[in-house]
Amino acid sequence: MLIARKLSALKLKPILSLRFVSPLQRSQLFSSPSCSNPRILCPLPSAIPLPLSPSSSSQPFSSKPTPPESPLLTRDGNYSEATSRFSLVCPGCGVHMQDTNPKHPGFFVKPSRKDSNYRLLTHLVPVDDESECSDLLKRGLVMEPEHQKSEENVNEKAQKPTVCSRCHSLRHYGKVKDPALENLLPDFDFDHTIGRRLVSTTGTRSVVLLVVDAADFDGSFPKKVANLVSATIEDNSTAWKQGKSGNVPRVVLVVTKIDLLPSSVSPTRFEHWVRQRAREGGINKITSLHMVSAIRDWGLKSLVEDVIDLVGPRGNVWAVGAQNAGKSTLINSIGKHVGGKITQLTEAPVPGTTLGIIRVEGMFPGQAKLFDTPGLLNPHQITTRLTREEQKLVHISKELKPRTYRIKAGHTIHVAGLMRLDLEETSVDTIYVTVWASPYLPLHMGKTENASKILEDHFGNQLQPPIGKDRVAELGKWVRREFHVCGSSWDSSCMDAAAAGLGWFAIGLKGEAVLSIWTYEGIEVVLRSSVIPDRSNFFEDAGFTVSKIVSKADQAANKSLDQSERKKKKGDSKVHVLAETSASKARSECDSA
């Protein structure tokens with residue numbers, strides 16, 4: 001005891017370790033010739049822990065892990081549990097949050113602390129203090145409520161999670177407050193963040209939810225991811241068959257927004273078309289295919305059951321897709337369907353809403369996790385060159401309606417100021433051309449010889465987007481692509497000429513034709529089999545046309561404008577009549593005088 005009092009805490013640690021040494025070892029230790037003074041301890045056996053070195057004794061001992069350095073501008077989100085312990089990640093978009101610089105991504109305002117009784121209205125002073133007035137009457141309540149507010153009910157209500165200012169602006173105003181801040185973030189590197197985990201032969205089971213937009217299948221199909229996953233499946237399957245470690249990812253192709261397709265589309269024919277386009281896009285093996293609508297809850301039950309069977313108790317599910325393909329909306333709908341207590345992800349018709357990887361737990365049984373990933377940028381989509389206002393016009397949010405023309409050779413169809421079709425040659429007199437695009441895009445049909453004049457006079461004005469004449473040059477060079485098509489029936493469309501991010505022309509003919517598709521340089525245009533064979537029963541007229549939705553809105557606006565002008569005219573006429581009567585009275589008074 002006296003020895004323990006005179007020794008420091010650093011020298012006391014070896015003595016306390018002697019309690020774990022057997023009595024025989026202790027007697028040998030203190031009876032050693034080199035240990036003549038028992039107060040000076042000799043070196044302990046290897047089984048006994050040694051004292052801390054002077055360099056390490058300056059740091060206090062702690063079992064808590066050392067927090068890493070402050071995260072840089074990355075898109076890793078909260079994939080790593082170790083990183084998410086020390087850095088705050090926005091639950092809406094996955095960006096690292098900070099409250100110091102509003103000019104940097106992830107800025108948020110700390111919510112003010114409120115009293116736990118602020119919902120009980122105890123801080124309000126009643127207007128009438130008379131005793132005959134009940135407390136409920138003083139609060140403005142005439143009838144007794146069935147369930148009065150109590151502290152228990154108020155405290156039980158879940159508090160809304162804090163999100164970054166960008167998510168707050170998207171959720172409440174539908175737009176990004178400062179789009180320039182996103183340019184400070186690096187591009188999302190799929191190969192580095194997710195690709196290397198998918199190709200790994202070890203680790204937990206991986207399920208890839210490949211999310212594709214039904215209204216823009218080729219423009220939203222991630223070919224790079226499809227090729228990577230297909231190569232991984234082939235390599236790991238070969239290793240697994242040889243008895244080696246091989247983690248074979250499962251591919252679940254999810255076609256979203258099928259509520260945007262016409263109800264006349266055959267599900268069986270559409271599924272066959274999707275599988276064919278997916279094989280051409282690079283997917284060799286599809287574990288399962290699901291066509292869903294997150295808005296109307298179509299197909300969610302079978303999707304959830306299939307994913308639960310594939311992921312197992314500890315697997316990872318990766319939701320991968322192009323920007324604005326509907327990944328976050330799908331995950332939110334799945335969360336509502338399974339009844340899990342998950343944070344609402346930010347949804348907006350803005351490309352690139354999700355900025356970082358978001359780990360969603362509690363969605364599936366066991367320790368299985370779901371990860372929402374940032375949308376993959378397709379530079380060949382036309383929406384990447386448009387402004388926010390122009391994207392709203394191109395975005396398809398309602399069921400597609402056909403707009404059909406019957407044209408001869410030497411005629412042209414414009415879709416806003418973004419795409420144009422010329423009928424160069426044909427073996428028949430006329431062909432059918434059906435436009436499938438946003439109903440807010442104006443169309444024009446005329447002779448090809450006047451196409452250059454239409455470009456100079458009406459692009460940016462009557463044909464929007466682009467909005468404004470200056471935007472036409474900013475979108476790039478106007479280039480031509482030539483396609484040869486053939487068909488065998490007049491009753492339905494046979495081929496599509498689709499532009500990524502915009503829409504497509506459906507061609508119907510019984511013969512052959514040579515087409516020219518004009519759009520801006522770098523925009524992907526593909527020729528494919530027709531996805532929707534139907535066409536409209538009524539043909540569009542030559543010249544400028546708009547959809548019925550836009551025309552009805554214009555009629556309503558003009559009607560309200562006419563009504564306001566009529567009221568104004570009536571008011572002016574009344575004022576004129578009153579002025580005349582007052583003038584006549586004044587003249588009569590003067591005459592009588």
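A salt bridge is a side-chain nitrogen of Lys or Arg within 4 Å of a carboxyl oxygen of Asp or Glu. By this rule, the count comes to 15 salt bridges.

This is a predicted model: local features need pLDDT of at least 70, side-chain atom pairs count only at pLDDT 80 or more, and totals for chains, interfaces and linings use all residues. Residues are numbered from 1 along each chain as its sequence is written, and side-chain values use heavy atoms, with hydrogens and water left out.

| Pair | N to O distance |
|---|---|
| Arg-528 and Asp-218 | 2.6 Å |
| Glu-280 and Arg-277 | 2.5 Å |
| Lys-392 and Glu-389 | 3.7 Å |

Now for their places in the chain. Helices (H or I, at least four residues) and strands (E, at least two) are DSSP runs, numbered from the N terminus.

Arg-528 and Asp-218 form a salt bridge. Arg-528 sits in strand E16 (residues 525–529) and Asp-218 in helix H10 (residues 217–220), so their pair ties together parts 310 residues apart in sequence.

Glu-280 and Arg-277 share helix H12 (residues 267–281). They are three residues apart, about one turn of the helix. Lys-392 and Glu-389 are also three residues apart, in helix H15 (residues 388–394).

Are these side chains buried or exposed? Buried means under 20% relative accessible area, exposed over 50%, and partly exposed in between (1.4 Å probe, protein chains only). Arg-528 is buried at 5%, and Asp-218 is buried at 11%. Arg-277 is buried at 12%. Lys-392 is partly exposed at 49%, and Glu-389 is partly exposed at 47%.

Finally, a network of salt bridges links Asp-218, Arg-277, Glu-280, Asp-496 and Arg-528.
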